Amino acid sequence: MSATVLPLKIKEEPAAAVPVEPAPYWRVLGDRAAVPLMRVLAAASLAVIAIALYMALFYAPREATMGDAQRIFYFHVPSAWIGFLAFGVVFVASIMYLIKGEARWDALALSSAEMGVVFTTLVLLTGPLWAKVAWGTYWTWDARLTTTLILWMIYVGYLRLRSVADSRRMSRLAAITGIIGFLNVPLIYLSVVWWRTMHPTLLVTNEGGLEPRMTQTLMVALLSFTLLYGWFMLARLRLEQRRNQLAARLAAREG
Amino acid sequence: MTNMIIAYVLIAVLLTAYGASVYVRSRQTDAALRALDADEDGRP
């Protein structure tokens, strides 16, 4: 009796897929998408900022009464726009976090709040430099200036709150602060309509308002800061995601 | 003219400082994650 030895072939099981990187909060934050996108945004924003700077300094005409100090306006207004946009993102992300309770919305709100504070700081620094020439004083308790300062203080408080403790309860509290803080934005926008204020109202119309080259310069500067916001936001959100990954892994080791 | 230059310099400095802070914090976090990976793999 002969035994037939069948060639035994053990099918090798593929190694269990160990996720090197946990799934990103959003697909755009994954390495394959984020790295090239960040490079494109970085190049585009730096190029458009250079164009905006050239236009602000050489293309836009010199304003008759304020002279060169008026050129502050080309980056002051975009800073305010990005500040409002950033706090708008905080508002939406905070609502989403309170509804869904997902860490990614909390991370989005925190990242955008940081950006909002940076750009509103620029508004509060560049505004007085313009005001000194236009009004003869760096600061006046004008409705728009005061409401902008309050907005900045609310979100500095928001960031301070986030730095004190990192817990789910604190995130919820911060989300409520982020929502309430944003209610100040329409107040700032309408302050020049509702109250007697020294702050100029921006007129970009065909009849009166800004000279066409000034309008073009402002639009390019707005685009440049919007691209910059996109670049910084992507980098900041990726940082927040990695920090949360690190915290989760360290907690898992200790637990 | 002076106020305009100060304003432009402030904008450049603050935005560069913020961008650098995000970069540095990212590098630090990545380094900490890599150290954790190495530790879990038993590598020195």
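Q: Which residues does S45(A) touch, not counting residues up to four places away in sequence?
A: Bear in mind that this is a predicted model. Contact here means heavy atoms within 4.5 Å. Leaving out residues up to four places away in sequence, S45(A) touches S224(A), L227(A), L228(A) and W231(A).

Q: Is S45(A) buried or exposed?
A: Start with where to look: S45(A) is in helix α1 of chain A, residues 31-59. Buried means under 20% relative accessible area. The relative accessibility of S45(A) is 0%, so S45(A) counts as buried.

Q: Which residue's backbone oxygen does the side chain of S45(A) reach?
A: A polar contact needs N or O atoms within 3.5 Å. The side chain of S45(A) comes to 3.2 Å from a backbone oxygen. That oxygen belongs to A42(A).

Q: How far apart are the end C-alpha atoms of helix α2 of chain A?
A: Helix α2 covers residues 73-100, which is 28 residues. At 1.5 Å a residue, the helix should span 40 Å. The model agrees with that expectation, because the end C-alpha atoms are apart by 40 Å.

Q: Which residue just after α2(A) takes a positive phi?
A: Step just past the end of α2(A) and check the backbone angles there.

Q: How far apart in space are W135(A) and H199(A), C-alpha to C-alpha?
A: W135(A) lies in the loop between α3 (103-134) and α4 (143-164) of chain A. Leaving aside neighbours within four places in sequence, its contacts include M198(A), H199(A) and P200(A). W135(A) and H199(A) are 64 residues apart in sequence, while their C-alpha atoms are apart in space by 9.6 Å.

Q: Which three residues supply 25% of the area that chain B buries against chain A?
A: The contact takes 33 residues from chain A and 23 residues from chain B. About 2,600 Å² is buried between the two chains, with carbon and sulfur atoms giving 72% of it. On the chain B side, the three that supply more than any other three residues are Y8(B), L15(B) and Y18(B).

Q: How many salt bridges are there between chain B and chain A?
A: For an example, look at the side chains of R249(A) and D37(B), which meet at 2.6 Å, N to O. A salt bridge requires such a pair within 4 Å, so R249(A) and D37(B) qualify. Between chain B and chain A, the count of salt bridges is four.

Definitions and conventions. Residues are numbered from 1 along each chain as its sequence is written. Chains are lettered from A and ligands numbered from 1 in the order in which they are written. This is a predicted model: local features need pLDDT of at least 70, side-chain atom pairs count only at pLDDT 80 or more; totals for chains, interfaces and linings use all residues. Side-chain values use heavy atoms; hydrogens and water are left out. Buried area is the accessible area (1.4 Å probe) that two parts lose on being put together, summed over both. Helices (H or I, at least four residues) and strands (E, at least two) are DSSP runs, numbered from the N terminus. Buried means under 20% relative accessible area, exposed over 50%, partly exposed in between (1.4 Å probe, protein chains only). A polar contact is a pair of N or O atoms within 3.5 Å; within protein, one must be able to donate a hydrogen and the other to accept it, and residues adjacent in sequence count only if both atoms are side-chain atoms. The expected span of a helix is 1.5 Å times one less than its number of residues.
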